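Q: I'm new to reading protein models. Could you walk me through this one, feature by feature?

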Amino acid sequence: MFPLTGCLRYDQTSPQGFAFNPVRYRRTYITGGTYFFTVVTARRKPIFASTDVVDILRRAFRHVRANHPFQIDAICILPDHLHCLWTLPDNDSDHSTRWRLIKTRFTRACGENVARPVWQKRYWEHLIRDEDDFRRHVDYIHYNPVKHGLADRPIDWKYSSFDKWIERGHYPPDWGTDPVDFDDAVGSE
Ligand code: NI
C-alpha cells in the first residue's frame with residue numbers, strides 16, 4: 001500500500017531470490033541515513049482504526065515525498081501509533097521537516113473528523129547502525145501487530161509492508177506465527 005524501495009537487489013544465487021546490497025546500504029547509511037521511527041497519536045487516541053483514515057495518512061505521505069523525497073523501507077500502522085524505516089537522500093538528514101509536513105497535512109485533511117491535537121509532539125528516532133540493525137528493525141515493524149495483540153500473525157494485519165517483503169522473498173507467509181523475541185535495544189513500543 002505504501003510504495004517501497006530500499007536496500008534490496010535481486011540475487012539469483014540467494015535461495016530467497018533477494019539479498020541485501022551491503023555496498024549500497026553502507027553508502028546510504030553514511031550519507032543520508034536510515035532511521036527507525038515510532039510516532040504516536042495524542043493521548044493515544046485510536047485514530048488509525050479505520051481504512052479511510054489510513055488512506056488519508058497514505059496520501060499525506062505521498063504528497064510530502066513528492067517534494068521531500070525519502071524511501072520507505074518498511075512501515076506498520078497501528079490504531080494509535082506507527083512505526084517505519086526511512087532512508088533519506090544523500091546529504092540530507094532532515095526527517096523532522098518531513099514529519100512536521102506529514103503530520104500537518106494529515107491533520108488538515110482530516111478536517112472536523114478528528115479531534116485536535118492529533119499527534120504527540122515528539123517522536124522516537126533511531127539511526128540504523130548497520131545491516132543487522134536494519135534487518136532486526138524490519139522484523140520488529142512487521143511483528144508489531146502481533147506484539148500489541150492486534151493480530152495472530154503478521155500476515156493478518158493489512159496496514160503494513162509485510163506483504164511487499166513476502167513478495168520480495170524475504171519472509172515465508174507464515175513468518176511470525178511462532179513468537180519472535182527481540183533484544184531490548186530493538187524498536188520502541
Ligand atoms: Ni508498536
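Q: How far does the predictor trust this chain, and what is its average pLDDT?
A: pLDDT is the predictor's confidence in each residue, from 0 to 100. Here the protein chain averages 87, and 84% of the residues score at least 70. Residues 5–30 are another story: pLDDT stays under 50 there, and the model has 35 contacts beyond four places in sequence for that stretch. Two residues are in contact if their C-beta atoms, placed from the backbone, lie within 7 Å.
This is a predicted model, where local features need pLDDT of at least 70 and side-chain atom pairs count only at pLDDT 80 or more, while totals for chains, interfaces and linings use all residues. Residues are numbered from 1 along each chain as its sequence is written.

Q: How many helices and strands are there in the protein chain?
A: Helices (H or I, at least four residues) and strands (E, at least two) are DSSP runs, numbered from the N terminus. The protein chain has five helices and six strands. Walk along the sequence and you get β-β-α-β-α-β-β-α-β-α-α.

Q: What share of the residues is buried?
A: First the cut-offs: a residue is buried if 20 or more other C-beta atoms lie within 10 Å of its own, exposed if 12 or fewer, and partly exposed in between, with C-beta atoms placed from the backbone. Of the 189 residues in the protein chain, 31% are buried. As for contacts with a separation of 6 or more, 69% of them link residues 24 or more positions apart.

Q: Which strands form the open sheet, and in what order?
A: Strands of a sheet pair through backbone hydrogen bonds, either parallel or antiparallel. Two strands count as paired if DSSP finds at least two bridges between them. In this model four strands make an open sheet, ordered E4-E5-E3-E6, with antiparallel pairing. Strand E4 (71–77) and strand E6 (124–127) are at the edges with a single partner strand each, so one side of each has no neighbour in the sheet. Neighbouring strands of this sheet are turned by 15 degrees against each other on average, direction ignored. For that angle, axes are lines fitted to C-alpha atoms (for helices over the stretch in contact), and angles run from 0 to 180 degrees between N-to-C directions.

Q: How many bridges join E4 to E5?
A: Six, and the two strands run antiparallel. They form a hairpin with three residues between them. Look for Gln71, which lies in strand E4 and stands opposite Thr87 in E5. Gln71 and Trp86 are 15 residues apart in sequence, yet 5.4 Å apart in space, C-alpha to C-alpha. Gln71 is partly exposed, with 18 other C-beta atoms within 10 Å. E4 itself is mostly covered, since five of its seven residues are buried.
Now try the E5 pairing with E3: strand E3 (residues 34–40) and strand E5 (residues 81–87) are joined by seven antiparallel bridges. In that pairing, Phe36 stands opposite Leu85 in E5.

Q: Which residues of H3 are buried?
A: An α-helix has 3.6 residues a turn, so residues three or four places apart point the same way. In H3, the buried ones are Arg98, Ile102, Lys103 and Phe106. They cover an arc of only 125 degrees around the axis, which puts them on the same side of H3. The arc is that of the directions from the helix axis to the C-beta atoms. These buried residues pack against helix H2 (51–67), while the face turned away from them carries the exposed residues Ser96, Thr97 and Arg108.
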